[in-house]
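Subject: Structure handover

Hello,

Here is the structure we talked about. Please open it alongside this email and follow the notes below.

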Amino acid sequence: MASSKQGTADTLRLAKLPAVFVEPDPAAPLTEAQAETVKILQKEFIEAIGGSGQDPADPEYFQRWRTASSESDQRFKTLFGAQAFLERERFTNLAGTTTQ
């Protein structure tokens, strides 16, 4: 049986990539201001999970990821609109994008 840390690592690898890390549709590139906003949201997400160099097998890291991902997605929706968020979600699902 896999350890709980291994199970958490497996779950994290399957965690949904936050919208701010999904590349925009090439047919609808971001403006300079939008790209800067995305960079800020990406930085905030990384800070919220405890910075780079975290142990993906740590259950606390997975919890921070889930919380930060939810908050980041909500901020993305607020700043860019629900339609832009849904487009990123659709692209993520089509590409099969996870954290692997």
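This is a predicted model: local features need pLDDT of at least 70, side-chain atom pairs count only at pLDDT 80 or more; totals for chains, interfaces and linings use all residues.

Residues are numbered from 1 along each chain as its sequence is written, and side-chain values use heavy atoms, with hydrogens and water left out.

**The α2/α3 pair**

Helices here are DSSP runs (H or I, at least four residues), numbered from the N terminus. Helix α2 covers residues 32-48 and packs against α3 at an angle of about 160°. Their axes are 9 Å apart. Axes are lines fitted to C-alpha atoms over the stretch in contact, and angles run from 0 to 180 degrees between N-to-C directions. The two helices are therefore roughly antiparallel, a label for angles over 145 degrees. The crossing of α2 and α3 is right-handed, meaning that the near helix is turned clockwise from the far one by less than a right angle.

Residues making this contact (heavy atoms within 4.5 Å) include Leu-41 and Phe-45 of α2, and Ser-69 and Phe-76 of α3. By class, the contact has 9 nonpolar, 4 polar and 3 charged residues. Ala, Val, Leu, Ile, Met, Phe, Trp, Tyr, Cys and Pro count as nonpolar; Asp, Glu, Lys and Arg as charged; the others, Gly among them, as polar.

**Ser-69**

Ser-69 lies in α3, residues 59-80. Ser-69 counts as buried, at 7% relative accessibility. Buried means under 20% relative accessible area (1.4 Å probe, protein chains only). Leaving out residues up to four places away in sequence, Ser-69 touches Lys-16, Pro-18 and Phe-45.

**Phe-85 and the rings**

Phe-85 sits in helix α4, residues 82-95. At 9% relative accessibility, Phe-85 is buried too. Beyond its neighbours within four places in sequence, Phe-85 contacts Ala-19, Asp-73, Phe-76 and Lys-77. Asp-73 is 12 residues away in sequence and 7.7 Å away in space, C-alpha to C-alpha.

The whole structure has 5 aromatic pairs. Rings of Phe, Tyr and Trp (its six-membered ring) pair if their centres lie within 6.5 Å; planes under 30 degrees apart count as stacked, over 60 as edge-to-face and the rest as tilted. Phe-76 and Phe-80 are stacked, at 4.6 Å centre to centre and 25° between the planes. Phe-76 and Phe-85 have ring centres 6.4 Å apart and planes at 55°, so that pair is tilted. Ring pairs also link Phe-21, Phe-45, Tyr-61 and Trp-65 into a cluster.

Best wishes

Conventions:
Buried means under 20% relative accessible area, exposed over 50%, partly exposed in between (1.4 Å probe, protein chains only). Angles under 35 degrees count as roughly parallel, over 145 as roughly antiparallel, 65 to 115 as roughly perpendicular and the rest as oblique.
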